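Me: Could you walk me through this structure? I would like to learn how to read its features.

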Amino acid sequence: MPTRFVLSSGERSGTRSRRRRGMWIGLDCSAEITLARQWLEGVIEITSFPTIASALESVSVAMPAGRSKVGGDHGGATPPLSCPDVILLATDRPGRWTTDDALRLSLAWPLAPLFAVASSLADGRRRSGPPFPGVEEIAWHDLPGRLIRWFSDLDSGYPGSLGLPTTARREDRFLEAPLFSAADHPLRPAVTVVARRPLDLDGLADLLAAAGYPIFTRTLGRPGLEGLAGLVVWDAERIEGGDLEWLRMLAANSPGTAVVILESFPRGDTLTAALWAGAAAVLSRPVGLETLVGTLDRLARRP
């Protein structure tokens, strides 16, 4: 069985924080969207609706008699349904959702963060037009890591990058943030860094060091079959058949090692094949610091 992503709600003052609740809107119209949704099931409480209308209907049904429907005057009161921690729009293709859809959801749940989970097809839209206005897009393969990091920040009293304006979401801000420093995370495990080119190897090692992860070894090409740290970050550029065979041998020789692969254009079929071969996660390259840290933090805490 392929390794499943597991989202952690984080900890506060040594105790587990409350279980997060999310709303998922849209159908599982592609393998990538299906994978993204499966990663969330059983980890956060998910209420699913196939359409915007069905989600808004749930508000109308719960509305007390005599009160206005969605978009009306609530008199400053809390919406009739409790606010979810996050609303996720399954975006399997360009044009799946509109600005009007986002506005209707914001009127119903004004305090709920709204994000679009973009598949590979939807991600390509950014090459042909502006991003969906007013809604942050999260790539389907980055969803676990980014939400892990964000929820952990919230539990620690930080807004997190997803709680900041878009203009503030820059790598230099992350590098200066105390929550990514080694002093705040003295127990982060060592990492083996692997890349095909020296420039990529140095950049990836610097990124991990900035996040507080000590570098165990650096390797060009493919990771060795022994002498590895418990966490391996492998910049494979493009996952090929030989890489999968090597990954199977690595998983057989070092079953306790978690391998995170960076791939230029992750697709549902290649990601699934890598998971079955023994990878713990597959992320896009260049990888964001928040996504990488969230993914490695989860893998470091797994039993």
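**Reading the model**

Reply: Happy to. Keep in mind that this is a predicted model.

Me: Which side chain does the side chain of D85 join in a polar contact?

Reply: That of R20, at 3.4 Å. D85 itself is found in the loop between α2 (52–62) and β5.

Me: Is D85 buried or exposed?

Reply: Buried means under 20% relative accessible area. D85 has 12%, so it is buried. Compare S106 in helix α3 (residues 99–108): its relative accessible area is 37%, so S106 counts as partly exposed.

Me: How far apart are S106 and I87 in sequence and in space?

Reply: They are separated by 19 residues in sequence, and their C-alpha atoms are 9.8 Å apart.

Me: Now the sheet. How do strands pair in general?

Reply: Strands of a sheet pair through backbone hydrogen bonds, in either a parallel or an antiparallel way. Here five strands make an open sheet with parallel pairing, in the order β4-β3-β5-β6-β7. β4 (45–49) and β7 (136–139) are at the edges with a single partner strand each, so one side of each has no neighbour in the sheet. From one strand to the next, the twist averages 30 degrees.

Me: How many bridges join β3 to β4?

Reply: Five, and the two strands run parallel. Within this pair, M23 stands opposite T47 in β4.

Me: What lies across β3, β5, β6 and β7?

Reply: Helix α5 (residues 143–155), which runs at about 125 degrees to β7.

Note on methods:
Residues numbered from 1 in each chain as written. Predicted model: local features only at pLDDT ≥ 70, side-chain atom pairs only at ≥ 80, totals over all residues. Heavy atoms only, no water. Pairing = 2+ DSSP bridges. Helix = DSSP H or I, 4+ residues; strand = E, 2+ residues; numbered from the N terminus. Axes fitted to C-alpha atoms, helices over the stretch in contact; angles between N-to-C directions. Contact = heavy atoms within 4.5 Å. Buried < 20%, exposed > 50% of the residue type's maximum accessible area, 1.4 Å probe, protein only. Polar contact = N/O pair within 3.5 Å; in protein donor to acceptor, adjacent residues only side chain to side chain.
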